Every structure is written in structure tokens, then in C-alpha cells.
Amino acid sequence: MAFPHRPDAPELPDFSMLKRLARDQLIYLLEQLPGKKDLFIEADLMSPLDRIANVSILKQHEVDKLYKVENKPALSSNEQLCFLVRPRIKNMRYIASLVNSDKLAGRTRKYKVIFSPQKFYACEMVLEEEGIYGDVSCDEWAFSLLPLDVDLLSMELPEFFRDYFLEGDQRWINTVAQALHLLSTLYGPFPNCYGIGRCAKMAYELWRNLEEEEDGETKGRRPEIGHIFLLDRDVDFVTALCSQVVYEGLVDDTFRIKCGSVDFGPEVTSSDKSLKVLLNAEDKVFNEIRNEHFSNVFGFLSQKARNLQAQYDRRRGMDIKQMKNFVSQELKGLKQEHRLLSLHIGACESIMKKKTKQDFQELIKTEHALLEGFNIRESTSYIEEHIDRQVSPIESLRLMCLLSITENGDARCSLDTHYGPEHLLTFSNLRRAGLLTEQAPGDTLTAVESKVSKLVTDKAAGKITDAFSSLAKRSNFRAISKKLNLIPRVDGEYDLKVPRDMAYVFSGAYVPLSCRIIEQVLERRSWQGLDEVVRLLNCSDFAFTDMTKEDKASSESLRLILVVFLGGCTFSEISALRFLGREKGKREFIFLTTAVTNSARLMEAMSEVKA
Amino acid sequence: TTTGLIVFFQSGRPLGAGVRLGLGLRMNRTKGDEEEYWNSSKFKAFTFDDEDDELSQLKESKRAVNSLRDFVDDDDDDDLERVSWSGEPVGSISWSIRETAGNSGSTHEGREQLKSRNSFSSYAQLPKPTSTYSLSSFFRGRTRPGSFQSLSDALSDTPAKSYAPELGRPKGEYRDYSNDWSPSDTVRRLRKGKVCSLERFRSLQDKLQLLEEAVSMHDGNVITAVLIFLKRTLSKEILFRELEVRQVALRHLIHFLKEIGDQKLLLDLFRFLDRTEELALSHYREHLNIQDPDKRKEFLKTCVGLPFSAEDSAHIQDHYTLLERQIIIEANDRHLESAGQTEIFRKHPRKASILNMPLVTTLFYSCFYHYTEAEGTFSSPINLKKTFKIPDKQYVLTALAARAKLRAWNDVDALFTTKNWLGYTKKRAPIGFHRVVEILHKNNAPVQILQEYVNLVEDVDTKLNLATKFKCHDVVIDTYRDLKDRQQLLAYRSKVDKGSAEEEKIDALLSSSQIRWKN
């Protein structure tokens with residue numbers, strides 16, 4: 001089921017442009033501080049930076065030494081310091097302590113802070129409070145779209161999830177709107193827009209404002225991408241909480257893919273070294289297995305290995321000239337393929353080992369039972385035992401959230417006994433984000449609401465309810481699942497080799513809710529007939545469509561759909577939609593996400609650590 | 001339910017191993033052949049080093065540059081001609097320096113132009129410098145270590161030579177002091193990241209209008225900017241009162257206060273809002289920032305009695321009690337360990353301090369180091385169990401893991417032995433003996449021990465599975481004998497070592513005339 005060459009598929013826009021833009025802009029910013037300088041880079045920015053530039057480029061622009069921004073005194077003796085950071089308070093404090101200790105020592109240097117993707121007023125306020133406003137110059141590096149693959153753009157902002165869905169801070173909405181604006185200037189306007197979720201709607205409105213303000217820039221351009229679909233992560237937590245079983249998702253769950261690359265340890269490379277490997281469409285072997293259910297991967301790899309062997313074997317009986325040709329033309333490709341093949345086989349082995357050890361089969365069975373809503377008692381006791389055995393706090397939390405959302409009730413066990421009392425705070429966070437649902441939210445909520453509405457003075461009376469929506473969020477998963485047919489009825493075995501629907505990404509047990517919504521809306525080209533679903537999703541005010549009567553849109557462009565995940569998307573969702581695109585009328589999905597996520601990342605984002 | 005994964009686990013494993021084996025072996029041979037070829041042939045000049053890699057990279061870069069040209073040329077418009085580039089590659093150092101120098105005393109418009117030029121949309125339309133930096137091919141892995149020096153690799157701590165050039169005035173310092181922007185204009189300018197004075201919004205009504213504009217624009221950064229101003233210019237009572245009915249703004253303020261660590265104002269706010277539970281949690285959260293164990297303990301004491309939910313209250317109390325205990329145990333054990341007189345500490349030095357560990361870890365620790373202590377001591381497992389009402393299952397699991405790790409099989413035995421009123425002993429495990437077996441196996445228990453517990457598993461299938469998995473041959477053989485399953489016993493014969501006692505035992509059974517086999 002690999003998707004190697006699809007002659008019928010529409011051509012994808014060339015996103016490599018984005019990398020070039022980001023790099024040029026960074027160079028421009030570095031040149032704003034002429035002369036030799038030391039560059040301090042925030043750890044979270046290093047991998048994205050690695051993807052668009054390298055040291056020699058930085059050196060060319062007179063960057064002398066590179067440092068990581070960490071809580072240590074800087075050893076740099078350079079006269080010019082440049083900081084490349086995310087707009088975070090702790091970075092400002094770090095810079096302030098550095099500048100202030102220079103001041104105390106009577107030392108004058110030039111300092112420049114480059115915020116990526118943008119600066120925040122709160123950061124400037126800290127600079128002002130620390131008395132270094134004016135001593136440092138500030139700039140913005142609007143690097144907010146990193147093409148991780150031909151069809152995947154990441155904003156590399158994992159904090160988006162916590163900031164918005166837990167804290168209700170809308171600081172990244174402008175960043176999203178700017179990114180969308182950039183895309184429309186480069187690739188033309190989007191004739192058909194759809195969206196669901198409060199954040200999606202706000203981002204959309206802000207983006208529209210931007211376009212109006214800078215009217216004319218996109219006018220007259222032919223749209224390259226016909227549809228855009230914005231979706232909030234909290235519309236579908238369930239999918240993101242599930243264990244992944246397509247290869248790319250499984251690799252992410254097991255080894256953590258970071259910024260499009262993965263560190264394969266010695267157990268995978270079967271040497272004493274770790275290897276950093278880029279995982280994308282360029283890796284021919286990976287490209288053919290990334291979307292496959294894991295159970296198909298072995299067969300594929302062994303077939304591939306046999307073919308490779310045959311290729312190598314051809315050189316028996318070659319004369320010296322043929323051999324020369326073989327060596328100069330084919331050997332390199334074969335060696336490359338061999339290298340990739342053995343890496344992925346090593347990865348599979350390692351995954352197998354780990355999964356067998358943690359009783360993956362039982363785990364999957366429990367998850368499926370939860371999704372389908374049967375054997376709840378058994379699942380609950382499985383989860384309890386899971387906790388008792390101290391398998392991993394993140395896993396246990398994840399299962400509890402899954403139980404809670406699918407069953408619409410508080411599934412809290414005495415987790416803090418086992419994993420440290422700080423989990424008290426994690427629970428409180430999970431509840432606020434709607435990942436754990438309260439057993440009886442109704443009464444408390446109405447009480448608060450009525451109290452507040454008495455005090456309401458502004459016209460936005462309705463908005464008060466929105467503000468409480470996350471508090472109130474009752475998960476209606478079971479009802480939604482029924483309405484949207486998320487659990488396929490299967491007679492006999494679900495053939496994972498020849499998947500019939502998107503459920504294959506979860507072994508045929510469950511169609512990802514997010515992807516089903518996208519499918520349904522695109523089919524209808526509206527939300528018509530989905531009112532009940534939208535209501536159950538608590539999104540009645542936040543489901544929108546906007547179609548411009550754009551006759552310039554070519555049929556080619558109408559086959560391209562950009563899906564924007566606000567708060568992160570998983571590789572399983574990406575695989576499911578790639579499948580959908582191929583199955584349903586030769587379409588192609590492009591993904592823009594605030595970050596690639598998975599269940600562990602969601603859970604970790606909710607835990608509380610010291611400031 | 002679907003069983004896709006189960007299928008995979010049953011069929012996948014041997015296949016996977018096969019692939020591995022096949023590829024590994026055959027590839028090795030191939031590699032050998034390859035070397036042989038090189039050593040025997042005279043074509044040594046053919047090497048695959050970086051050179052042709054570089055060449056293909058160059059070609060690719062060129063192609064990429066060419067493909068960009070269409071785009072660049074298409075969008076060249078008059079607007080940009082007005083700016084004096086004079087053919088010099090934009091983005092080069094010389095250009096940049098000239099620009100900053102030329103602009104240092106220039107007008108507002110000039111600045112604005114420079115700024116907008118820097119924005120993505122217009123920057124895309126600039127002619128590109130083509131030669132200075134190579135376009136390494138996109139979506140390409142680092143094929144060879146060293147050919148691509150990664151940033152993370154290059155971070156160094158070595159001090160550098162100092163060098164101080166002239167610097168133009170950074171554009172970030174550029175301000176706009178205009179005083180007559182309307183609230184909506186002001187908010188829009190703030191969104192664009194411009195520094196913009198809010199001082200003229202002095203009446204409460206103006207301030208609130210500003211806030212409302214910010215909220216309706218959805219940009220959290222601007223909302224926070226306005227809140228910073230409001231926080232500075234309004235008394236907290238008024239600020240809180242107004243925010244109580246503006247939930248979006250309120251959430252931004254709460255997050256802002258958390259981030260900058262203004263705990264005092266945050267607690268005041270929660271108090272004002274009557275959000276007692278959040279107040280309590282927020283206060284409790286501070287303990288994370290206290291390193292010193294005694295201070296942390298004292299701090300936790302202040303948390304006890306705060307208005308948490310009933311359930312949380314109990315946990316807070318436990319947290320305090322636990323840390324109190326840990327401090328006592330830690331002091332005592334550190335002393336014992338350094339004195340070097342206690343065998344257990346000499347044989348198994350502590351890997352870390354017990355301070356701030358979760359309860360279960362503490363229980364494990366005490367089962368490991370203080371198992372035999374009387375209930376009266378703070379460090380005894382039984383005392384912990386009672387104080388913190390640890391459920392039986394949990395206790396047994398933890399004690400088992402700890403004693404098995406020490407290979408104290410007698411303790412393990414005692415853990416599951418109960419005496420009834422007649423004095424008969426009986427084996428009982430609240431967690432199920434299959435779990436016991438797994439834990440023992442994880443701790444490398446010898447077969448004799450494992451066997452004993454596998455035998456206690458009640459379900460025959462589970463017992464057979466475990467016995468086969470952990471190579472408890474006697475159990476397997478006896479079970480098949482009891483089942484009178486000759487076929488299975490025959491099949492199992494091939495799994496034991498030739499000439500071993502097990503094989504003998506099987507042979508003896510198979511030839512026994514006492515057993516009435518069912519097959």
C-alpha cells in the first residue's frame with residue numbers, strides 16, 4: 001500500500017522556498033550586527049536551525065563561537081553577543097543576568113536578541129524591569145514554517161498546546177495567522193476555507209484581517225492550494241491519546257522523531273554508535289513503509305532485502321567492463337539502499353523487543369475496548385494494574401485520560417502515591433484542559449456561570465460561556481462515535497494489507513475522529529448535516545466555512561487540501577489522510593501543524609515542573 | 001473486536017527474525033566479496049568519496065537556484081525599483097552596512113520601508129544573491145558525518161578573541177510616539193510589533209475599551225501588552241473587578257502572572273475571585289521551587305489545611321508526612337552508610353537519596369534496606385504501609401520486587417505463605433501468581449524458584465505458557481503428564497537438550513505403562 005509514484009496525484013507546491021526565505025532572513029538579521037559575534041542559541045531552536053542552515057553559513061556571517069542558552073554563566077569573551085531565542089521569560093532573565101554582570105564588571109559589549117518567530121511584550125517588559133532595555137537591541141526572525149517533508153510543514157511550537165489549551169493564552173494565534181498569510185502570498189489565496197474549534201476560528205479571523213490590511217498582495221494570484229481546513233486539537237483528543245501502530249507513528253512513539261529526524265541508538269544500528277537519521281520522502285525505504293500498519297512492514301522489508309540481494313548477485317559472471325559499470329553506476333545506490341534497509345530492520349527489531357516487553361498486545365486490546373465502549377470494568381482494572389506495576393507514569397496518565405474521555409467520567413486513581421505527589425498538579429491541569437472530564441460538571445458550572453452572568457457588563461455575554469467551555473467540556477465521544485461511524489463493523493478479519501478505510505491506522509478498530517470530520521466536511525463542502533456532531537463537539541459557534549467564488553481555481557489546485565492542526569497532529573492522522581487522499585478522488589493532503597505530537601507529548605505538556 | 005495486532009504478534013516475530021538473519025548474513029558476505037573485488041582489481045582509482053557527492057550537491061543547488069528564478073523574475077515590480085539596490089546583491093554584508101548607515105538619519109517612511117522589506121512577503125520578491133551560500137539540497141540527510149557540520153555539534157565553550165566593530169542603530173529601538181491613535185489603531189499597531197505608547201489611555205473607560213479591542217482582535221500578545229499597562233496603572237481591586245467579567249483577558253493575566261512568577265498578585269487574584277481550590281494549588285505549586293528539604297517540609301506544612309478538595313487534602317497531608325519521614329530516614333541511613341558497619345549498605349550502596357521520592361519508591365527502599373525492622377521504626381515497611389494506607393496488592397508487589405532483587409527467596413516465600421487457624425500453611429498471592437512469576441523472572445530468579453511459583457498458577461493454560469516461556473521443564477513435563485497429553489509431551493521432547501535429565505524424564509514417562517494417555 002506504499003504510495004511511491006502516483007501519476008494521478010496533483011503536484012505538491014514547492015515548499016523548499018520557505019527554507020530559503022528563513023535562511024535569507026536570518027542572514028539579514030545577523031548582518032545587522034556587523035563584525036565578529038558569538039551566537040547563543042536556545043536548545044529548542046537548534047534542530048530547526050540545523051534544517052535550514054549550517055555552521056559554515058553562520059561562520060560566513062561572522063559568527064565566531066556558538067553557545068547553547070542554558071542556565072550557566074557565559075564564558076564568551078567576544079565583544080558582540082547575539083541571542084537566538086524563543087520569546088520566553090526565562091530567556092530574558094538569563095540575558096539580563098548576563099548583561100547585568102557585565103555591567104557590574106564595567107564591561108561594555110553589544111547585545112542583540114533575535115526572537116523567533118516573534119517577540120512578546122511580556123519579554124520586553126522583563127528587559128525593561130531588569131534595566132537592560134536599550135542595552136540590547138531586539139529583532140524578530142519570523143521563521144514559523146519549517147518544511148519537514150514534501151507534504152508536512154511544522155511551526156515547531158510544541159508549547160502552543162499548553163499555552164492555548166491549558167492556559168487559554170492566545171499569544172500564538174497571531175503567529176499562525178502570519179504563517180497562513182505567508183503561505184497565501186507565496187502559493188496564492190485559498191478559495192475554500194473550513195474550520196472547527198474556537199482557536200481555529202480566531203486564527204482564521206485574524207488571518208483575514210491581515211489579508212485585508214495588506215490588500216493586494218495576493219490579488220491576481222492563481223490559487224495553488226484549493227482548500228484549507230483548520231482544526232483545534234481539543235476537538236479530538238482521543239485520536240492523539242491512542243498508541244500508534246503505523247510505522248512512522250510507532251517510530252515516533254518509540255524513539256521520538258524530533259524535527260523530522262530520529263536518533264537511532266546502538267540497539268538499532270547494531271554498532272556501538274548512535275545515528276541521527278532524517279526520516280522523510282527522500283528515504284526511499286522509509287517512504288514506502290511509513291504509512292503502513294506495522295504488521296506489513298516486516299514482509300515488505302524482507303521482500304526488499306531479497307530484491308537487493310538479487311541486485312547484488314547480478315554481478316556474478318560479469319566481465320570486467322560490466323563490473324566497472326556496475327560499480328560506478330549502481331553500487332552506490334545499492335549501498336545506500338542497503339544502509340537504509342538495515343537501519344529500518346534494526347528499528348523494527350528494537351520496536352518489537354520493546355513492545356513485547358511492555359505487553360503491547362494487552363495494551364492495544366484495552367485501548368480498543370475503550371474506543372468501542374465494551375468491557376469497561378476489565379479495562380479499568382487493567383489500567384489500575386498498569387499503575388500498580390509502575391510501568392510508566394506517562395502511559396498510565398494517558399490511559400486514564402482515554403478512559404475518562406471515552407467514558408465521560410472522572411477516572412482518577414491514586415496515581416500520586418505512585419509517581420510523586422506533584423501529580424496532584426498534573427491532574428488539575430488535565431481537568432482544566434478537558435483531558436480528564438469531571439464526573440458532574442453540570443451543577444458547579446451553572447453556579448459559576450450564573451454568578452458571572454449577573455456581573456456581565458459587556459456585550460459579549462455569549463463569550464462568557466465560551467470561556468467556560470473547557471471547564472464544561474463534557475466529552476460526548478460515544479455519541480459522536482456512533483454518529484460518525486468511527487468504529488467500523490467488520491465481518492471477520494480486517495485486512496490490514498488492503499485497508500478499506502482510515503481505521504487501518506488503528507488496526508481497523510477506529511477511524512480517527514479528526515480525519516473523519518475532515519473527510520465529511522470536504523465531501524459536503526460544508527457543515528451541512530453535521531449540526532448534531534458539531535453540537536456534540538461543543539463547537540456550535542466555532543464551525544465555519546468560507547468559499548470565495550473563485551473561478552481562477554484550477555481543477556488541479558482543488559485537489560490539494562491544506563489541513564492546519566492547531567495544537568499538534570500525530571503521524572497516524574497524517575497517514576490516515578494520506579490514505580484518504582489517495583482513495584478518494586486523487587487528492588493530496590498537505591499538513592501544517594504547530595508541532596508533531598503524540599500521546600506522550602500531550603501528557604508531558606500537562607505536567608508541572610519547577611519554574 | 002479486530003485482532004490485527006495480535007495476528008502480527010503471532011506471525012511477525014519469526015518473520016522479523018528471519019529477515020534480520022537473512023540480511024545480516026548475506027550482506028556480510030556481500031561486503032566481503034566487495035572488498036575482495038577491490039583488492040584484486042586494478043580499478044583503485046574509482047572511489048566514492050565526498051567529491052562526487054559535492055558535485056551532485058552543486059548541480060542540485062544550481063537547479064534549485066534556476067527554478068527559483070522564474071518566481072523571482074515574475075514578481076519583480078516597480079515598487080522595489082524605487083529602492084536603491086543598484087544591482088548589488090541584497091543581503092550581502094556590504095549592502096547591509098550601507099543600508100544601515102544610509103538610513104541612520106532618515107525619515108519615518110524610510111524606516112518603514114526597510115522594515116517592510118524585511119517582512120517575508122516583500123522579501124520574497126527581492127533578487128537573490130546566488131553565490132554566497134550554497135543551496136544544499138533540501139530534504140537531504142547528512143550522508144557522511146563531517147560533510148555537514150551540525151549546529152549542535154559545533155557548540156563550544158572555548159573563549160574567543162575579542163573584536164569590536166561599529167554597529168548601526170538597531171531598528172528595534174525605533175519608536176513611535178504619536179499620541180492620537182484610536183484604541184483600535186493602537187491595538188493594530190501593537191499587533192504589528194510596534195512600540196506604541198499607551199500612556200494617553202488614562203480614563204478607566206479608555207483603558208477598558210483598549211482591552212476590549214485587544215480581546216476582539218484575538219492576539220494574546222497584544223492582550224497581555226494591554227494588561228501589563230492596566231496592571232501598572234490601575235489599583236488591583238479595580239483591575240480584578242474588571243477582569244472578573246472579562247474571562248479571556250483574565251486568563252491571560254493569570255498566565256502572565258504565572259510566567260513572570262508574581263505569585264503574590266496571583267494569589268491575591270484567586271482570593272478576590274474566590275477560586276479557593278486554584279488558590280490552594282497555586283500556593284502548593286511553589287514547593288517545586290524549594291530545594292532544601294527542611295524548608296520544603298516547612299512549606300508543605302503551610303499547605304496542609306488549605307481549601308483543597310477533600311481528596312487532594314489527604315494527599316497534601318501525606319506529602320508532608322512522607323517528606324518528614326524521608327528526612328529522618330535519609331539522615332539515619334546516610335550515617336549508617338558512611339559508618340560502613342552495616343552489611344546491606346556495604347553490599348548495596350545507595351544510588352540516590354530517598355528525599356522527594358514518591359511513596360512507592362520509598363516503600364521499595366524500605367523493603368530493600370529496612371525489611372526486618374520492627375513496626376515501631378519510621379523506616380519499617382509495615383509502618384509505611386499503615387501510615388499511608390497502602391493497599392495489600394501494592395505492598396506485596398513492591399516487597400516482592402525488592403526482596404527478589406536481593407535474591408532473598410526466603411522472604412519471597414514468606415510473603416505468600418499464610419497459616420490458617422489449624423496451623424496449615426497455604427500459598428496465597430493477592431496479585432496472582434502469574435504476576436509473581438513475571439516479577440521473579442525479571443529479577444533473574446533461578447529456575448528452581450521460578451518453578452515453584454509457576455506451579456502455583458491455577459489456570460493450566462497460563463501455567464503451561466509461563467513454564468514454556470521461562471523454561472521450567474519439569475512443570476511443563478508434569479503438566480502434560482497430568483493432562484495425559486502424549487502428543488504434546490512428544491513435541492516438547494525436541495525442545496529440551498539432548499541427553500539432559502529432562503529428556504530422560506520424558507522418555508521414562510513416554511515408556512511408562514502406568515499412564516493412560518488420552519492421545
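Biologist: What should I know before reading the values?

Modeller: This is a predicted model, where local features need pLDDT of at least 70, side-chain atom pairs count only at pLDDT 80 or more, and totals for chains, interfaces and linings use all residues. Residues are numbered from 1 along each chain as its sequence is written, chains are lettered from A and ligands numbered from 1 in the order in which they are written, and side-chain values use heavy atoms, with hydrogens and water left out.

Biologist: How many aromatic pairs does the structure hold over all chains?

Modeller: Over all chains there are 33 aromatic pairs. Rings of Phe, Tyr and Trp (its six-membered ring) pair if their centres lie within 6.5 Å; planes under 30 degrees apart count as stacked, over 60 as edge-to-face and the rest as tilted.

Biologist: Why is the pair A:F83 and A:Y94 called edge-to-face?

Modeller: The ring centres of A:F83 and A:Y94 are 6.5 Å apart and the planes stand at 85 degrees, so the pair is edge-to-face. A:F83 is in strand 3 (residues 80-85) of chain A and A:Y94 in helix 4 (residues 89-104) of chain A, so the pair ties together parts 11 residues apart in sequence. Helices (H or I, at least four residues) and strands (E, at least two) are DSSP runs, numbered from the N terminus.

Biologist: Are A:F83 and A:Y94 buried or exposed?

Modeller: Buried means under 20% relative accessible area, exposed over 50%, partly exposed in between (1.4 Å probe, protein chains only). A:F83 has 0% and is therefore buried; A:Y94 has 6%, so A:Y94 is buried.

Biologist: Why is the pair B:F364 and B:F368 called stacked?

Modeller: The planes of B:F364 and B:F368 are at 25 degrees and the ring centres 6.1 Å apart, so this pair is stacked. Both residues lie in helix 18 (residues 359-369) of chain B, four residues apart, about one turn of the helix. B:F364 is partly exposed at 27%, whereas B:F368 is buried at 10%.

Biologist: Which residues form one aromatic cluster?

Modeller: A:F160, A:F161, A:Y164, A:F165 and A:F237 form one.

Biologist: What makes a charge sit over a ring?

Modeller: NZ of Lys or CZ of Arg must be within 6 Å of the ring centre and within 35 degrees of the ring normal. A:R208 lies over the face of A:W207, 4.7 Å from the ring centre. B:R200 lies over the face of B:F201, at 4.6 Å from the ring centre.
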